[in-house]
Amino acid sequence: MTRFILNDTLVESTATPGTVVLDIVRYHQQLKGTKIGCREGDCGACTVLVGELTAEGVEYKSMTSCLLALANVEGKHIVTVEGLNMEKLSPVQQAMVDESGTQCGFCTPGFVVSLSGCCMTREKVTEDLAVRAIDGNICRCTGYKSIERAATSLAAQLAAKDVQDPIGWSVQNGFLPSYFAGITDRLQAMKTDVTRSNNEQPSTSNGIPLSGGTDLYVQKHDTMHHAPVRSIFNDEALKGIRIEGDQCIIGGAATAADLMNSAELKELLPQLEKHLLLVSSTSIRNMGTLAGNFVNASPIGDLTAMFIALDSTITLTTSDTPGMTRSLANESRSIKLKELYQGYKQLDKSATELLTAVRFTVPSKNTRFHFEKVSKRTYLDIASVNSAIRLDIDGDSIREAHVSAGGVAPVPKYLANTSTFLAGKPISNDTVRAAIEVMNEEVAPISDARGTADYKRLLLRQLFFAHFMELFPERFTLNELVA
Ligand SMILES: Cc1cc2nc3c(=O)[nH]c(=O)nc-3n(C[C@H](O)[C@H](O)[C@H](O)COP(=O)(O)OP(=O)(O)OC[C@H]3O[C@@H](n4cnc5c(N)ncnc54)[C@H](O)[C@@H]3O)c2cc1C
Ligand code: FES
Ligand code: FES
């Protein structure tokens, strides 16, 4: 049985743990405001807010309920559009009306839910943040400008929000219904309910490892609902980002959003947040994890490309108990992330091993890191080709280099020869041009829906130029590089 609060109501669901929240909400609870557009995380019509108890109170994040497993919402608060309704329109709903942000209305609940998340966040809501909150919502009618105006208007109305107590402030000022004020205590009571035994947890040790589900539910949509799952998403032992000595260690269940919000990573890799904005959308980044991206082994996984270039090491842990928290004493081994990939979707990892952590050497003041991606759309699209680079420089020379490339081989590719070639070379046009010759020898793109093999080679060359132009703008221009 899975327990969670749905809007103002406690739900004890006996549905299989792999059932998606979308189906629970629409067909078990008959709340039809949450819409189904694509069932692939692409349109945002099914967006819900998921509140989780933290030391600071309940933290809400938008998620696409079509990819959200019931097992992952145990002990949480799910908010659908019905749970935002009050006697009169909420300021978010009113802004959509005032700015003509809705026409046929199909996408509107998703937009309202995503925007309402701005009332709950501990961040100051800027126009940029409000518009970013709806980057996973698609509308076929309005042309977006009117919806963006609604977001801008909301940002202005939330200027006075108390970021220390956003829920209290939003309830008091009519942005959220009053029942929100009692959710922290109700979730706390559920957490400390000692009448529930571990056997009742909705996860099983021999089930499919399930993190955010954003790859699993897209690829195995028809079978996941009844499949036994082993939910890792909420396992505290696999969360967190910390620095130990010269190593940055990140739990396998850290999401892309966790990486973006990490103060440690902002310090170590100041451009990382900008790079991560190119990965999926806000609601998918709130779900998709590092381990999921690595183990899914897509040749164009963006996080994989970034962490291969960081020369990361992963920890694989064998465990036969559902919660890693209770079993970290189990056997672990470490390998370089680049060595995980043996062939197309073939991994140096047994079925019983979980990817529990990733670590990389903390960048020094002489380290440069950069990521580039080309996709058909700038946002909410997977790459045709991507690439990341880490350079440790010594004056005018490259001391050590690690370069990755996606979409040019059956696996996420560590460009070993290119990396070796760059080490010890001066930072110059000649070095970059010669490195491209080496790079061309070690990639083997194929023609597919994302472009011909020749086109992908060309893209990779341009991305490689872009790395150097972005990292050393004073030394490189495109004209000189292609000359
Ligand atoms: C709309 C949309 C847009 C997307 N855009 C991008 C994009 O721009 N760039 C990009 O790179 N990806 C993108 N993705 C793919 C996806 O979001 C990422 O790959 C994400 O990081 C997967 O993580 P997850 O936690 O959801 O994985 P899951 O779906 O939970 O799992 C993926 C695989 O990893 C296994 N697994 C999960 N956790 C562990 C673990 N700890 N140990 C062992 N095995 C494990 C699962 O069994 C499964 O085989 C997109 C997906 C969607 C739906
Ligand atoms: S139905 Fe389209 S994102 Fe869920
Ligand atoms: S109003 Fe019709 S899809 Fe957005």
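What distance separates the centres of domain 1 and domain 3, taken over C-alpha atoms? The separation is 30 Å.

## Model and conventions

The structure is a predicted model, in which local features need pLDDT of at least 70, side-chain atom pairs count only at pLDDT 80 or more, and totals for chains, interfaces and linings use all residues. Residues are numbered from 1 along each chain as its sequence is written, while chains are lettered from A and ligands numbered from 1 in the order in which they are written.

## Domains and their contact

The protein chain is divided into domain 1 (2–83 + 180–231), domain 2 (86–176) and domain 3 (236–482); these bounds come from an automatic or database domain assignment. Where domain 1 meets domain 3, the contact takes 20 residues from domain 1 and 17 residues from domain 3. Two residues are in contact if their C-beta atoms, placed from the backbone, lie within 7 Å.

On the side of domain 1 that touches domain 3, strand S4 (residues 57–64) gives the most, with 4 residues. Helices (H or I, at least four residues) and strands (E, at least two) are DSSP runs, numbered from the N terminus. By residue class, this side of domain 1 comprises 4 nonpolar, 13 polar and 3 charged residues. In this division Ala, Val, Leu, Ile, Met, Phe, Trp, Tyr, Cys and Pro count as nonpolar, Asp, Glu, Lys and Arg as charged, and the others, Gly among them, as polar.

## Nonpolar core

The largest nonpolar core has 128 residues, and Val21, Leu115 and Leu154 have the most contacts inside it. A nonpolar core is a set of buried Ala, Val, Leu, Ile, Met, Phe, Trp, Tyr and Cys residues joined through C-beta atoms within 7 Å. A residue is buried if 20 or more other C-beta atoms lie within 10 Å of its own, exposed if 12 or fewer, and partly exposed in between, with C-beta atoms placed from the backbone.

Helix H3 (residues 108–120) supplies the largest share of this core, 7 residues. When neighbours within four places in sequence are left aside, Leu115 is in contact with Val92, Ala130, Ala133, Ile134, Ala151 and Leu154.

Strand S3 (residues 47–54) and S4 run antiparallel and are joined by 8 bridges; two strands pair if DSSP finds at least two bridges between them. Thr47 stands opposite Thr64 in S4, and S3 and S4 form a hairpin with 2 residues between them. S3 also pairs in the antiparallel sense with strand S5 (residues 77–79), over 3 bridges. Here the bridge partner of Leu49 is Val79 in S5.

Strand S10 pairs in the antiparallel sense with strand S14 (residues 353–361) over 6 bridges, and Leu316 has Leu355 in S14 as its bridge partner. A further 5 bridges join S10 to strand S11 (residues 332–336), again in antiparallel fashion. In that pairing, Thr317 stands opposite Ser332 in S11.

An open sheet of 4 strands has the order S15-S16-S17-S18, with antiparallel pairing. Strand S15 (367–374) and strand S18 (413–414) are the edge strands, each pairing on one side only. Strand S16 (residues 385–394) and strand S17 (residues 397–406) run antiparallel and are joined by 9 bridges, with Ser387 opposite Ala405 in S17.

Helix H15 (residues 302–309) lies across S15, S16, S17 and S18, running at about 20° to S16. Helix H18 (residues 453–471) packs on the sheet, touching S15, S16 and S17, and its direction makes about 35° with that of S16. Axes are lines fitted to C-alpha atoms, for helices over the stretch in contact, and angles run from 0 to 180 degrees between N-to-C directions.

## Loop residues

Most residues other than glycine have a negative phi. Asn7 is not a glycine, yet has a positive phi of about 55°. Asn7 is found in the loop between strand S1 (2–6) and strand S2 (9–13), and it counts as buried because it has 22 C-beta neighbours inside 10 Å. Asp311, also not a glycine, has a positive phi of about 55° and lies in the loop between H15 and strand S10 (313–318). With 19 C-beta neighbours inside 10 Å, Asp311 counts as partly exposed.

Lys376 has its place in the loop between S15 and S16. Lys376 is exposed, with 11 other C-beta atoms within 10 Å. Lys376 and Arg450 are 74 residues apart in sequence and 8.2 Å apart in space, C-alpha to C-alpha.
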